[in-house]
Structures are given as C-alpha cells and as structure tokens.
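Biologist: I have a structure to go through before class. Could we look at it together, one site at a time?

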Amino acid sequence: MPIIEVAIAVPLNKTFDYQSDHEVAVGARVKVPFGAKKVIGIALANKDKSDFNKLKSIVEVLDEMPILDKPILDFLFWAAKYYHHPVGEVLLAAMPKNLRLGKEAKIKKVIGLPLKTSQPDFEITQEQTLAIEAILAEQHKYHGFLLHGVTGSGKTEVYLRITQEVLNQGQQVLVLVPEIGLTPQMIARFEQRLKTRVVAIHSQLNETQKLDAYLMAKSGDAGVVLGTRSAIFAPMPNLGMIIIDEEHDGSFKQQSSFRYSARDLSFIRAKQVGIPLILGTATPSLETLKNAMDNKLTRLTLANRAGGVVMPKVSLIDMRSHTDGALSKLLVEKMQQYLSKGKQVMLFINRRGYAPVYFCTECSWKSECNHCHASMIYHRHINRLKCHHCGDEQMPEQACPECGEQSLEVYGYGTERLEETLGSHFADTPIIRIDRDTTRRKKALAEHLEKINSGEPCIIVGTQMLAKGHDFSNLAMVGILDIDGGFLSTNFRATEYLAQLLIQVSGRAGRSGDQGEVAIQTRYPDHPMFHYVLSNRYTQFASGLLKQRQSAMMPPFAHQALLCANAKNKQNAEDFLREVAGLLKSVKLDTVEIWGPVANSIEKKADYYYFNLYLQSNDRKALHQMLATFSQHIDTIKLKNKVRWYLDVDPID
Ligand code: ADP
Ligand code: ZN
Ligand code: ZN
C-alpha cells in the first residue's frame, strides 16, 4: 500500500505522510484527518516507506488529475523556499477558495468566444513598432524587457499587439495589473480587441467566478488571464508571455501571511517556462531600473504620448503663506476655467474621511484610538470617529475629556470634507467622490467610472484609487492636495513613491486632444524632487536616488528581510526579537547585518505592540542561509513567550 506525502496549510515547515490503498496523482487534492479535524491537502509524492509509524489513512481523494501540475508545483516550491514560508500554506494559498474548501473542480459557466472584435483606427507609432518588434524577436525563450513609456504613450496598445501575436501561435498570455488598476475599462479593451476568451481574476468576483476563471486558465480555454497579484499562480499550460503593467506598484506585494511579490516571482515563472517577460510603467521602481542598468532587462522606451497628444503642463502652488482651508484661490480659479469649457477636473487627496484630527483648541488634547498609537479620523456622514488601523469607531466627545471645555474642533481635510467645500465653490457642478467609503458596495466603483466616462463636466475627488491606469478622455486638469506628508516619512523609499505617485496622478490629465494641466499644492516648493517632476524627468531623478542608495548600501544594492514580532505585552515582543537576534548572531555570517529590535513606526495596532528586526546583506545567499537557520529553530523560541511573528523577505515598507 502506497504512502502519500501530503502538504497541509499549517504554519509548520513540514509535510505529512498518510496511508492510501492506491496511488494518488501528484498535485491532486486529498482529504485527510489532521488532529481532530479533516482538512484538504495536496498530494506531493507516492512513497513506499515513511519515517513515522502508525500512519492515518487518507479519507478521500478529490481529484483524479492534478490540480497543481508539475510546472506550477515547481514554481510554488521555489516561492516557498525563497520566502521561507511553510509549503502547505503556499500551495493552498495559490488556489481559489472553492478548491481549498474541497469543492469540485468543474467549470460552472463557460464564457463564449467573442463574436466580433474591433481594431483601432490609428496607426501605431514608430516607438511602438520598435518595442513590439524587439519583444517578438525574443519569443519562445526567457527574455526580460522594461517597457518604459510615459503616461498615455500607448503601452497598453503594445500589450494588445504582442498578445495577439502570442495568441496566433496558440499560446496563452498572463497580464498582471495593480489591484486598483484593473478597471472595467482595461478588461473591456482586451475583450474587444482579441479573438480569445479573456478571463479576469480579481477580488470583486464571487467564488464561483474565481473558480471558473482559474479552471479556464488551466484547461487552456482562456487565451488571456488578466488579474491582480494572485493571478501569478494561475495554471496556464500554454503560457507564452507574461506582462506586468505598472510594475512599480506596491500592490504586487502581498502584505499579509504569505508575503510574496508577484512582480519578483514573475521573473522566476518566465524563466521556468522559458518565455518573455515585459514590465511596463511610466515610473520604473529602482529595483527595475537597476535590473535594466545591469542588462537583466532590455529597456524599450516610449518617450512621447501617442496620437500627437502632449504631456500636461505641471506647476506648483506655494502653500507656505496659506492658512485656511484646503483649496488655494489659484487652484479654484484654474478649476473654474476648465469647468467652464466643459472639461472635467480631478482633485487628488490621499486621505478618506472628513478630517484627520479632532482636537481641543484650549488644551490641545487630540482624539486617539484606544487600541492603536494613531489619531482617530472624523467621518461626518456617520458622525463617528474612526480608526483607520483597527476599524474601531467612537462617538465624538462633546466636551474635552482633558480640560472639560466645549472647545473641540476638527482640523485638516479628507475626501469627505473636500467634497463639502467644493460644493460651496461649485454649486452647479456634479462632484464624484471615489474612495474606499464610496466604493464599498460591489459595482459602486464601476458606476462612478461610468459617469466619468460619459464625459460630462464634473469634479472628481479621489484617493490612491484614482492614481493609475485610468484613461478619462475629457479630464483636462488635475489638482494635487496635501502630499507633503510624504516628505516627512521615515520610510527610505518615501521620495521614490512620492515621485511615482505625482507622475502617475499627473498622467491622468489631458490624455486626448488639448494639453492638460496639473497643479500641485505644497509647503515645500523648493524640494529638489519637484524640479524633476515639473520637467518630466523621472529617469534622471530616479538615477540620482539610485546613486544615493548605492553609496548608503541600501536596496536594491543590498537585500533585506524583516522579522516582525507583535504581542499584547510590549516586553514579550521585544524580548522575543532579542532572543532571535542572539540566535542569528550565533550563526557566523559576517556579511549579514542585524539591526534592532526597534519599535514599528506605528508601535501599537489593535492592542498589539509591533517590533521589527532587520536583516541586511549584499550577499543574497548569505541572507537566505541565515533565514533558513532561523526557520529551523524558531519553534523553540516561540513556545516560550507567546508572540505572533512573521518574516518578510524583500519588505517594501
Ligand atoms: P498607456 O497604457 O501608456 O497609458 P494607452 O495604451 O492607454 O497608454 O494609450 C493612451 C491613449 O492613446 C489610448 O486612448 C489609446 O487608444 C491611444 N493610442 C495608443 N496608441 C496610439 C497611436 N499609435 N495613435 C493614436 N492613439 C493611440
Ligand atoms: Zn481641552
Ligand atoms: Zn485603532
């Protein structure tokens, strides 16, 4: 009787052996007893002996054929090893929930092939032609490209044409987009153009739809899989190309449990399959720029906007002498000009809610969350103070809890208050607010976007959600408010992120027809970053940052890992990391530096205290050797003082 080695989603670095009366396909799901429960696992091997005796038996084999085929299994094993994450958790996280729950692997609703497709009426530009030819010349083998094209330069057009070529050869294409960049518009563009099934994989789908999309990718029925980060794990037997749009975007990094970077993993998948990889963006990350400099990526440039459209004019509005309100007079005047010409205007403010501060004008008491080291944000429509870290809500106090005076006021602006203020300046103009509060309901975002796409003059107020990917043809002007916090951040990547954000947001303006305009309100008009942003010289700015990182030996010139511990008792979290640091230092690896433990920038979140230990090395191998030692010994420390912890390889914040 064969013995089956099974991976189970538990936070342990091992697999489990079970008895079976027949062999099981490697990569198939099995139901097995585990403790008092029955759980779903993945069969990894058929063996004839085990190191353990008294094996339990498999309860049920759920699949005759593997759910995870060999190429995907190899890819997932690689990822588990690189991120030092338990293999069972990695394997099960890579499948849609319905498969994890043991539901049948059967497509419910096959989508039809498109009846007709339509081609654009423009000619592609010389730059686009060169990019397409360069990529297609490298088919059927691994080759990495950076498609560096300014906003509106027609990168998506390049994706569509190379995708069509790959499809013509009977192969599939995987397109990854940022979480909030996967707009209905992007999906529609692929569906309208390509004579194949396009399946989307993203969080707005229900579980049945997610399973169908996964299975159509696996069966080869879908020619194109368009998805957010988890789509990197979609099984695609005829995969011919991977495209990562907006590669610099932070949402490619998963920030909980299995902390992988879909962008970084795309290199591994493309190499394993032996196919081209295209990273597209207007604002390459420093990691990607370095890869291009080291000739690990071939750089293709689209320096101009397509269709003869020019880049928007960008200017600063000096807010140093401004004391009152969110909007400068100059910004209001500019908005008026565009609106009176029937154009749309967008205001970007990266904070939802009404006001970020609720405080006492007498004694300067400030409302803080009882569970976090963070301010409570006032939300007017529900008249509540809300913590954006733990979600706790509270009625606003009437009198100051500190001095008893009735002198409590709000300070600062969020989207909700900005919308209200705009209403008083522009009484007759529709205002469309897009943030997490106004898009919670399914389809709400799609409805808002549809309104904007109708082209009617309006003011759009939005957060990050609007920063990238959108192509609103009647949007002529963008105003950027309150980005100064980015200059004060302790994250060493903050200026890189800020420059990317400004350029991406600016890139929404004037994407067809007349030149657009961007106005940035700031109290730091002399900051050197603006010098580059105003003249659209991201590359020069980023090169300067790269030099700084090199001389400071920071990523991407060094490799980092972060070990975060958290506990209700502050001392326990800190002690745990001290002990880990001691363990790591006993591994004699001089090339790995260890810093910490240090308190997280927000020390307390939802009643837990967070501490970090940073590991850094110029030598990736040495770093990983140390992490492997850590993984081996961690369980012995953990038991002692009940802390939660996670490891983040290549952390981004
Ligand atoms: P990006 O992805 O670089 O932001 P898009 O591919 O969305 O740019 O292109 C921006 C706009 O320009 C779209 O409306 C697109 O249809 C149009 N476009 C793309 N290529 C051309 C071209 N060669 N000539 C004219 N218009 C083009
Ligand atoms: Zn007071
Ligand atoms: Zn809180």
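Predicted model: local features only at pLDDT ≥ 70, side-chain atom pairs only at ≥ 80, totals over all residues.

Biologist: Are Cys360 and Cys400 buried or exposed?

Modeller: Cys360 and Cys400 are both buried.

Biologist: Now the other zinc ion, ligand 3. Which residues coordinate the zinc ion (ligand 3)?

Modeller: Cys369, Cys372, Cys387 and Cys390 coordinate the zinc ion (ligand 3) through their SG atoms, at 2.3 Å. The arrangement around the zinc ion (ligand 3) is tetrahedral because its 4 donor atoms subtend angles of 106 to 113 degrees. In sequence, these donor residues are spaced C-x2-C-x14-C-x2-C.

Biologist: Where do Cys369 and Cys390 lie?

Modeller: Cys369 is in the loop between S15 and strand S16 (377-379), and Cys390 is in the loop between strand S17 (384-386) and S18, so the pair ties together parts that are 21 residues apart in sequence. Cys369 is buried, because its relative accessible area is 6%. Cys390 counts as partly exposed, because its relative accessibility is 30%.

Biologist: Let us move to ligand 1. Which residues come nearest to ligand 1?

Modeller: There are 17 residues around ligand 1, of which Glu123, Gln128, Lys155, Thr156 and Arg189 come nearest. An N or O atom in the side chain of Thr156 is 2.7 Å from an oxygen atom of ligand 1. For Lys155, a backbone N or O atom lies 2.9 Å from an oxygen atom of ligand 1. Ser153 also places a backbone N or O atom 3.2 Å from an oxygen atom of ligand 1.

Biologist: Changing topic: how many aromatic pairs does the structure hold?

Modeller: The structure holds 16 aromatic pairs. One of these is formed by Tyr82 and Tyr83, whose ring centres are 4.9 Å apart and whose planes meet at 85 degrees, so the pair is edge-to-face. Both Tyr82 and Tyr83 are buried.

Biologist: Which aromatic cluster includes Tyr82 and Tyr83?

Modeller: Tyr82 and Tyr83 form one aromatic cluster with Phe75, Trp78, Phe233, Phe258 and Tyr260.

Biologist: Which rings have a charged end sitting over them?

Modeller: The charged end of Arg259 sits over the ring of Tyr646, 3.5 Å from the ring centre. Likewise, the charged end of Lys605 sits over the ring of Tyr610, 5.0 Å from the ring centre.

Biologist: What about backbone geometry? Where is there a cis peptide bond?

Modeller: A cis peptide bond joins Pro555 and Pro556, with omega about 5 degrees. Pro556 is in the loop between helix H16 (538-552) and strand S24 (559-567). A cis peptide bond also joins Gly596 and Pro597, again with omega about 5 degrees, and Pro597 is in strand S25.

Biologist: Which residues have a positive phi although they are not glycine?

Modeller: Lys54 has a phi near 55 degrees, and Glu246 has a phi of about 55 degrees. Lys54 is in the loop between strand S4 (37-47) and strand S5 (60-61), whereas Glu246 is in the loop between S10 and H8.

Biologist: Is Lys54 buried or exposed, and is Glu246 buried or exposed?

Modeller: Lys54 counts as exposed because its relative accessibility is 83%. Glu246 counts as buried because its relative accessibility is 7%.

Biologist: Lastly, what joins the side chains of Gln254 and Arg229?

Modeller: The side chains of Gln254 and Arg229 are joined by a polar contact of 2.9 Å. Gln254 is in the loop between strand S10 (239-245) and helix H8 (262-273), and Gln254 counts as buried because its relative accessibility is 16%.

Technical notes. Residues numbered from 1 in each chain as written. Chains lettered and ligands numbered in written order. Heavy atoms only, no water. Buried < 20%, exposed > 50% of the residue type's maximum accessible area, 1.4 Å probe, protein only. Phe/Tyr/Trp six-rings, centres within 6.5 Å; stacked < 30°, edge-to-face > 60°. Lys NZ or Arg CZ within 6 Å of the ring centre and 35° of its normal. Near = heavy atom within 4 Å. Polar contact = N/O pair within 3.5 Å; in protein donor to acceptor, adjacent residues only side chain to side chain. Donors = N, O, S within 2.8 Å, 3.2 Å for Na, K, Ca; no water. Tetrahedral: all angles 85-135°; square planar, octahedral: opposite > 155°, others 65-115°. Helix = DSSP H or I, 4+ residues; strand = E, 2+ residues; numbered from the N terminus.
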